[in-house]
Amino acid sequence: MASNGVGNVEFSFDNKRRSGLPKIQTQKTDDENVVCHDDSATPVKAQTLDELHSLQKKKSAPTTPIKSPHVFGVSVSEEERQKQQLQSISASLASLTRETGPKVVKGDPARQAETPKVQQHTHHHHTPALNISDSGLKFTHILYNLSPAELYEQAIKYEKGSFITSSGALATLSGAKTGRSPRDKRVVRDEITEEDLWWGKGSPNIEMDEQTFLINRERAVDYLCSLEKVFVNDQFLNWDPNNRIKVRIVSARAYHSLFMHNMCIRPTPEELEDFGTPDFTIYNAGQFPCNRYTHYMTSSTSIDINLGRREMVILGTQYAGEMKKGLFGVMHYLMPKRQILSLHSGCNMGKEGDVALFFGLSGTGKTTLSTDHNRYLIGDDEHCWSNHGVSNIEGGCYAKCIDLSREKEPDIWNAIKFGTVLENVVFEEHTREVDYTDKSVTENTRAAYPIEYIPNAKIPCVGPHPKNVILLACDAFGVLPPVSKLNLAQTMYHFISGYTALVAGTEDGIKEPTATFSACFGAAFIMLHPTKYAAMLAEKMQKHGATGWLVNTGWSGGSYGSGSRIKLAYTRKIIDSIHSGALLKAEYKKTEVFGLEIPTELEGVPSEILDPVNTWPDKKAHKDTLLKLGGLFRKNFEVFTNYKIGTDSNLTEEILAAGPNF
C-alpha cells in the first residue's frame with residue numbers, strides 16, 4: 001500500500017506470511033506536526049510489583065520534620081529526636097511490675113520486610129526478672145499520629161464493620177456498647193481527691209482505690225503490648241495556648257485514633273516536635289474486658305480515672321465517647337485549679353465580638369440555637385472561661401445523627417465527608433448512602449468531625465469574655481416564660497439545677513411531662529461540687545458584666561398534650577434580641593412563684609405568650625402546675641442545701657432565696 005497522505009508513513013502488507021497476518025511496516029517522520037506522537041518513557045527500574053508499589057509513596061515517617069532542632073543550645077539530630085520520641089512512648093506503655101516499657105518501633109508491621117533491628121533505650125536501671133517473658137521478646141509497632149487517609153486504610157483492612165459511605169465518611173461500629181456507661185466509670189479516691197472532689201449522694205463520681213486502678217491499668221497495658229501494633233495520638237486540649245493540656249491516647253483501633261484526631265486539637269508539625277511528656281494519658285483497651293472478680297467491678301466494663309497519676313484506663317467498651325467525656329471530666333478538675341471555669345456549653349460570637357454561652361440538656365435546642373450563620377461558632381459542647389476570655393476545649397464536634405436531614409441541619413450534613421467518623425449508622429449496601437432515620441443499631445448514632453468542617457467556625461476557637469449566658473429549658477409543663485432575665489443569684493440557682501422537662505414514654509398511654517435535673521447542665525462530667533462551678537460563674541459574670549437569661553423552648557398555653565410548642569421562629573427572635581442588646585432595654589415585670597423578670601413586649605413575638613398565665617385557658621390548672629414544678633425544683637435542690645465546701649459554711653441563703661418561693 002502506498003502513502004496514506006498523513007505524514008509519509010508507508011504500510012505494506014505481505015500476505016505470504018505463514019501466520020496469515022499482514023506484516024506492518026512503519027517509517028517515522030521528522031514532521032513535528034504529526035497527529036500520532038510518541039509518549040513512551042524510560043521503563044521503571046522496579047524488578048517486582050512490590051518494588052513498583054514502593055515507588056508510589058514518598059518515603060516519610062508519620063511524624064514531623066524537624067527544622068531547627070536545639071535542646072539547651074545543643075543540636076539534636078533527627079535520629080536522636082526519633083529515639084527520644086520512642087522512649088517517651090515506651091515509657092507510657094511501661095508495665096508497673098516490670099518497670100520498663102516494651103520494645104517499640106514506628107511503622108505498620110504489614111510493611112516491615114523483617115523484624116527491625118533497633119536498640120531499645122528506656123530505663124538504665126536493673127531490670128527485674130519478671131521482664132523475662134514472651135512479650136519481652138517481641139516488638140510493638142507504633143502507628144503514631146497517622147493521617148485520616150492512613151487511618152481509613154487501617155480501619156478498612158483490619159477492622160470489621162468499617163466502610164466508606166457515599167459522602168466519604170468512615171462508618172464504624174462501636175461494638176456492644178453504643179453509649180457511655182456512667183455506672184462503670186470510677187475515680188481514684190486518695191488523700192487529694194478526698195477533699196477536692198464531690199462524693200456521695202447526687203455525685204457522678206464513683207470511688208475506687210489506687211490498688212484496683214493499678215490492677216486495671218496493668219491489664220490494659222498488657223493487652224495493648226500483646227498486640228502487634230497500637231495507635232498513638234499526641235494532641236492538645238484547650239485552644240487557650242496558656243492553659244492547654246497535652247494528651248496522649250494509646251488505642252488498639254484505627255476508629256478510636258481517627259475519632260480522637262478529630263475531637264482533640266491537632267498539633268502543628270512544630271508543636272509536635274516539642275511535645276515531650278504528656279500531661280495526661282488514656283489507655284484504651286476497650287476490646288478487652290476487665291476482670292469482674294477485681295474489687296469494685298460490677299460488670300465487664302470499667303472506665304477508670306486516676307487524677308494523681310494523670311491516667312485513664314478503658315476496659316470492656318469500645319464506645320469512643322468515653323474518651324471524649326473522660327477528658328472533659330479531667331478538665332473539670334484541672335481547670336478550676338487554675339481559676340478557670342470549665343463549662344458544658346455551646347458558644348458563638350457576633351461580628352462585633354459579642355460572645356454568648358448556651359447551656360441546655362438534650363432536646364432543649366442548644367445545637368440549633370448556637371448554630372447561627374450570622375455568628376461565628378467557637379464550639380458546640382465544651383469550653384473554658386479564663387481571665388483571657390473563652391476558649392473551646394476541643395478541636396472537633398460530636399453531633400447526633402438520628403433523623404439528620406440536609407434541610408434541618410445543613411452544616412452538620414455537609415460536615416459528614418472524608419475524615420468524619422460515623423458511629424453505628426445504617427447504610428444501603430450497594431450505594432453506601434446512610435439512612436439517618438434507621439435505629440437498627442442504636443438511636444445514639446453520631447458523627448465526629450474537625451471543627452473546621454463547619455463553614456463559620458472561628459479558628460482559633462477563642463473569644464473575648466461572654467456578654468450573655470443563656471440557660472435553655474424545654475419545659476413540657478408549659479409554665480416557664482419563653483424568656484426571663486436572671487439576676488446573679490437566680491443564674492446560680494438555675495445553673496446548679498440544670499432543668500428541663502421532656503415527655504415521658506407513651507408505652508402505656510402516659511403522656512405526663514417528666515422533669516430532669518442535671519447539675520451545671522452536665523452532672524455526669526463534673527468533678528467538684530456544683531456550687532463551686534456556680535460560684536465561679538457568678539464571679540466571672542459580675543466581673544465582666546455578663547447577663548443571665550432563662551429561655552424556655554418548650555410548651556405554652558398548657559402542658560404537653562393540651563398546649564403547643566413555642567414556635568422556633570419566636571425563640572430565634574428572642575435569641576437575636578439577646579445578642580443585639582435590644583432585650584435589655586425592654587420593660588419587665590415579675591412572675592409568681594419563681595420570681596422571674598419577664599419582658600412585657602418584644603418585637604416579633606406576640607406579647608400574650610411572654611407571660612405563660614395569659615395563654616392558659618384554665619388559670620387554676622396553670623397555678624397548680626406552676627406549684628408542682630416549683631416543688632420539683634425544691635426537692636431536687638435538697639441534695640445541695642446541706643453541702644459544705646471544705647470547712648466553709650452551708651450554701652448561701654441568697655441562692656436558696658432565688659428559687660421558687662411559695
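A: In this predicted model, 5 bridges join strand 20 to strand 24 (residues 446-450), and the two strands run antiparallel. Within this pairing, Cys 397 has Tyr 449 of strand 24 as its bridge partner. Strands of a sheet pair through backbone hydrogen bonds, either parallel or antiparallel.

The pair belongs to an open sheet of 5 strands, in the order 5-6-21-24-20, with mixed pairing. Strand 20 (396-400) and strand 5 (163-164) stand at the edges; each has a single partner strand, so one side of each is left without a neighbour in the sheet. Helix 6 (residues 254-263) lies across strand 6 (170-172), strand 20, strand 21 (421-423) and strand 24, and runs at about 120° to strand 21.

The whole structure contains 0 disulfides. Cys 461 is in no disulfide, and its nearest cysteine sulfur, that of Cys 397, is 8.2 Å away. Cys 461 counts as buried because its relative accessibility is 0%, and the limit for burial is under 20%. For Cys 347, the closest cysteine sulfur is in Cys 461, at 9.7 Å, which is too far for a bond, since a disulfide requires sulfur atoms within 2.5 Å. Cys 347 is likewise buried, with a relative accessible area of 0%.

Inside the order, strand 11 (residues 280-285) and strand 13 (residues 311-315) run parallel and are joined by 5 bridges; Thr 281 stands opposite Glu 311 in strand 13.

Turning to a helix, helix 16 (residues 619-641) has 23 residues and reaches 32 Å from its first C-alpha to its last, close to the 33 Å expected at 1.5 Å a residue. At its start, a side-chain oxygen of Asp 618 comes to within 3.1 Å of the backbone nitrogen of Lys 620. Buried residues of helix 16 include His 622, Leu 626, Leu 629, Phe 633, Phe 637 and Phe 640. An α-helix has 3.6 residues a turn, so residues three or four places apart point the same way. Among the elements covering the buried residues of helix 16 are helix 11 (488-497), strand 28 (499-503), strand 29 (513-517) and helix 12 (530-544).

Technical notes: Residues are numbered from 1 along each chain as its sequence is written. This is a predicted model: local features need pLDDT of at least 70, side-chain atom pairs count only at pLDDT 80 or more; totals for chains, interfaces and linings use all residues. Side-chain values use heavy atoms; hydrogens and water are left out. Two strands pair if DSSP finds at least two bridges between them. Helices (H or I, at least four residues) and strands (E, at least two) are DSSP runs, numbered from the N terminus. Contact means heavy atoms within 4.5 Å. Axes are lines fitted to C-alpha atoms, for helices over the stretch in contact, and angles run from 0 to 180 degrees between N-to-C directions. The expected span of a helix is 1.5 Å times one less than its number of residues. Buried means under 20% relative accessible area, exposed over 50%, partly exposed in between (1.4 Å probe, protein chains only). A polar contact is a pair of N or O atoms within 3.5 Å; within protein, one must be able to donate a hydrogen and the other to accept it, and residues adjacent in sequence count only if both atoms are side-chain atoms.
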